[in-house]
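Reader: I have a structure here that is new to me. Can you walk me through some of its side chains?

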Amino acid sequence: MSSSEPAPVREADAFLQTLASVPPDAVTACRGWTAHELIAHLASGADALADQVEAHLQGRPVPEFGAWQVREPPYRAMDDGALRRRLEAAEARMTTAFRAALTIDPDLTVPAVGWGLPIVELDTHLRQEFAIHRWDLTGDDEIGVELLGRPALLSHSVRLLSDSLLRVGLERDPEPGEPLTVRLRCAGAPDLLLAVRDGVGALSLETPADCADVVESDPAARLLLLWGRRPADSRRVRSNLSPQRLARVQTILAGY
């Protein structure tokens, strides 16, 4: 990137800017959540990660990350204006802590922090959270297409979250004994391969190859599909699968 080109928009900044036009009671694409609950989810997680990384940097015992069922209720109880300010402050504190940690060691991993992922992966994970949850608020738009189409977000999900992403869907698989191989394809990019054998699923990024079952989309739509979501414009996703097989893929790719 040349010095004359603007810096890429941060996912968190795009999310926070979008909030200005979203009322707290807006029903989001996250089942059961209004915008207020979604903000509470992000704010509580950012605060918890900031607390943990700051403690590590200061040589203090790292507090537990805690389950969302414990972390989020106090945030949901906040006045919405206060909650939004809390999210902005928590995100800034978390980002500052991440940057400080990565300056010391770009490969730093602290097992007690978050889910035990390297700090750089936690940073990418939160980038992805803000990008996907922004879509949950607004649906399809030009900014979202750019954010969700960033290759780093897809590779993070595939590399580190495959088991957790597939766990819920595989429990609901209508044909658990049947093998399944499907390629989710984007022009000019590696295929996202979904393979299921004997009730066990796997995701991987592979060089494009012939396959009987292919779902084609743009990169942003593919990330949404992986996380159990669908773009509003049906033309962005095209499939040659039978109705039964397509429904099975959609069940397995259920997200959290």
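Reader: Phe15 and Phe130, are they buried or exposed?
Author: Both Phe15 and Phe130 are buried. Keep in mind that this is a predicted model.

Reader: How many aromatic pairs does the structure hold?
Author: There are 2 aromatic pairs. Phe15 sits in helix H1 (residues 11-19) and Phe130 in helix H5 (residues 119-138), so the pair links distant parts of the chain, 115 residues apart.

Reader: And Phe65 and Trp115, why is that pair edge-to-face?
Author: Because the planes of Phe65 and Trp115 are at 70°, and over 60 counts as edge-to-face. Their ring centres are 5.2 Å apart.

Reader: Where do Phe65 and Trp115 lie?
Author: Phe65 is in the loop between helix H2 (35-57) and helix H3 (68-76), while Trp115 is in the loop between helix H4 (80-104) and H5. The pair therefore ties together parts that are 50 residues apart in sequence.

Reader: Which is buried and which is partly exposed?
Author: Phe65 counts as buried, at 12% relative accessibility. Trp115 counts as partly exposed, at 47%.

Reader: What lies over the face of Phe65?
Author: Arg71 does, at 4.3 Å from the ring centre.

Reader: New topic. How many disulfides?
Author: The structure holds 0 disulfides.

How values were computed
Residues numbered from 1 in each chain as written. Predicted model: local features only at pLDDT ≥ 70, side-chain atom pairs only at ≥ 80, totals over all residues. Heavy atoms only, no water. Disulfide = S-S within 2.5 Å. Phe/Tyr/Trp six-rings, centres within 6.5 Å; stacked < 30°, edge-to-face > 60°. Helix = DSSP H or I, 4+ residues; strand = E, 2+ residues; numbered from the N terminus. Buried < 20%, exposed > 50% of the residue type's maximum accessible area, 1.4 Å probe, protein only. Lys NZ or Arg CZ within 6 Å of the ring centre and 35° of its normal.
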